[in-house]
Amino acid sequence: MASLDSVTVLSEAAFGCEHLAAILQDQSTAGLFKSGYRKQYEALAPYTKPETAAVPTSGLRTVATLKPKYHCLSCSEGCLNSERQAHTKKTGHAFFMESRNRFVFCETCGDFVYDHGLERLCGPAGKCEHRDRWTEDSASEAYVKTNAYKNPCSRRGARGVWNMGQTCYQAVILQALLHDPTLNAYFLSGGHDMHNCQRNLCMACATTEVFMEFNSGERTDAVSAATLLYHGWDTSREMAGYRQQDAHEYFQFLVNALHAATPGHSESYDTKCECFFHRTFYGELRSSVMCHKCGKTTHTYDPMVDLSLDVQLQNKKRKLGRSSASGSANLISCLESFTAVEDLQHHTEAAYHCEKCGNTPQRASKRLQINKLPSILCMQLKRYEHNSSSSEKMDGHINFPVTLNMLPYTVKKDKERVDTSKYLYDLSTVVVHQGSMDSGHYYSYTRLGGDKWVLMDDNKVTVASIADVLKQDAYLLFYSIRAIHPDK
């Protein structure tokens with residue numbers, strides 16, 4: 001077995017949960033709680049005792065209880081699973097002992113909890129009759145400490161994604177999502193109920209399958225996303241067929257499809273959507289236009305699933321005199337240019353007409369700012385330029401940071417009281433396109449956790465350094481928020 005990095009003793013988890021810790025650390029409640037625990041433990045057998053039940057055809061008969069009971073550790077009252085919540089609401093008693101295995105259940109957490117100290121209370125001498133082999137000095141416990149290993153979600157190491165014929169655009173987007181802890185928690189905990197989903201060709205069901213296969217410990221080779229690919233073909237005619245697609249467009253398509261497949265989601269922007277994918281991927285832009293004559297400012301708000309940034313050093317804006325942003329070829333300069341104030345041309349048909357000034361064309365300025373940030377922020381560095389006669393791709397390196405503070409580019413309501421921790425993002429994936437406008441190949445660099453990075457090239461996985469990552473000519477940058485706050 002692989003050795004555990006940080007295991008020292010089995011009792012390293014001091015308490016089962018924070019609610020249990022509050023009771024056991026308080027001298028006024030700890031003794032009474034431990035007494036109730038010992039009493040219930042001794043009263044219950046390891047398995048359900050036979051009970052007498054009324055049977056319609058034969059009167060009274062002894063049968064085995066099919067459902068476990070939960071005995072309150074405060075008042076000893078027995079409850080079924082469906083009655084436990086009502087008992088807690090009525091009495092305030094939150095801890096129960098399950099009748100079959102004598103496990104502790106915390107109603108506040110809604111889950112079973114394990115406390116190493118309580119385990120040693122059972123029995124008259126502080127020992128459990130079927131567990132005293134796990135005493136502090138036992139050889140068995142020492143063996144467990146030495147040979148235990150961590151296996152989060154059963155996945156060990158990194159896995160690639162099979163290329164099924166010019167599907168590298170799908171592989172790089174999946175790698176950006178498959179390593180995100182928030183998305184893993186959602187898909188692996190039944191966030192989308194694929195077993196009861198009635199949606200035909202559901203993209204969320206197909207994505208759940210990819211996450212489950214990716215995290216399976218039974219295989220170590222690359223993951224197939226064939227079902228997700230074919231569902232995408234059936235959902236969008238533009239995505240159908242074995243031809244290379246744009247990774248940025250596929251990201252937008254996949255996020256919108258997942259949002260649409262979520263029960264209870266809102267299609268109307270006028271109604272605030274609280275679905276998981278909307279809160280994770282969607283932000284909001286605020287466009288402000290100010291009339292130079294009367295000073296009136298109008299605001300409009302639009303949803304955003306990513307930011308598309310001009311990487312050509314703002315040359316066009318400088319030539320037109322419409323940007324005050326300065327700096328070298330880096331992501332910060334692109335963001336500064338994106339949120340810079342621009343003067344609108346007033347001698348054209350598209351001139352700004354101010355309502356306060358009688359709907360007459362006036363000089364005005366416009367500014368884009370981010371009103372709401374998503375948890376996963378995708379930024380496209382626009383390397384493709386299209387005009388009436390030709391299209392071309394701009395190559396070249398654009399510097400980007402490992403940690404990004406998005407506060408300067410947002411609408412700040414109170415500059416003095418702003419919590420900067422809400423705006424810190426860490427680089428998670430860098431997508432690179434190698435080739436020309438019409439052909440090429442996508443690969444990505446993905447953070448596995450901490451400072452460990454790997455190069456994902458379809459099914460091939462190679463260890464990489466942060467220096468390798470930062471020198472890439474990025475096309476898409478994925479940043480994940482460092483800390484999720486309840487009000488975000």
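**Entry 1: strand S19**

I looked up Leu-404 and found that its bridge partner in S19 is Tyr-425. Strand S18 (residues 403-405) and S19 run antiparallel and are joined by three bridges. I took strands as DSSP runs of E of at least two residues and helices as runs of H or I of at least four residues, both numbered from the N terminus. Two strands were counted as paired if DSSP finds at least two bridges between them.

The model is predicted: local features need pLDDT of at least 70, side-chain atom pairs count only at pLDDT 80 or more, and totals for chains, interfaces and linings use all residues. Residues are numbered from 1 along each chain as its sequence is written, and side-chain values use heavy atoms, with hydrogens and water left out.

I then followed S19 (residues 424-435) to its other partners. Seven bridges join S19 to strand S23 (residues 474-481), and the two run antiparallel; here Val-431 stands opposite Leu-476. Seven bridges also join S19 to S20, again antiparallel, with Gly-435 opposite Gly-440.

How many of the 12 residues of S19 are buried? I recorded nine, which leaves the strand mostly covered. Buried means under 20% relative accessible area, exposed over 50%, and partly exposed in between, with a 1.4 Å probe and protein chains only.

**Entry 2: the cavity**

A cavity is a set of points on a 1 Å grid over the protein atoms alone where a 1.4 Å probe fits but cannot get out; lining residues have an atom within 4 Å of a point. Grid points are joined across faces, edges and corners, and the volume is the space filled by probe spheres set on the points. The largest cavity came to about 40 Å³.

Which elements give two or more residues to its lining? They are helix H6 (168-178), strand S20 (440-449) and strand S21 (452-457). H6 supplies the largest share, four residues. The lining includes Cys-168, Gln-175, Tyr-442 and Asp-457. I classed the lining as seven nonpolar, two polar and two charged residues, where Ala, Val, Leu, Ile, Met, Phe, Trp, Tyr, Cys and Pro count as nonpolar, Asp, Glu, Lys and Arg as charged, and the others, Gly among them, as polar.

**Entry 3: an open sheet**

I traced an open sheet of four strands in the order S9-S8-S14-S11, with antiparallel pairing. Its edge strands, each pairing on one side only, are S9 (297-304) and S11 (342-344). From one strand to the next the twist averages 30 degrees; axes are lines fitted to C-alpha atoms, and angles run from 0 to 180 degrees between N-to-C directions. Eight bridges join strand S8 (residues 283-291) to S9, and Leu-285 has Asp-302 as its bridge partner there.

**Entry 4: cysteines**

I counted zero disulfides, a disulfide being a pair of cysteine sulfur atoms within 2.5 Å. Cys-109 is in none, and the nearest cysteine sulfur, that of Cys-106, is 3.6 Å away. Cys-109 is partly exposed, with a relative accessible area of 37%.

Cys-354 is buried, with a relative accessible area of 0%.

Terms used. 1 Å grid on protein atoms, 1.4 Å probe; cavity = no way out; pocket = protein on both sides within 12 Å on 5 of 7 lines; lining within 4 Å.
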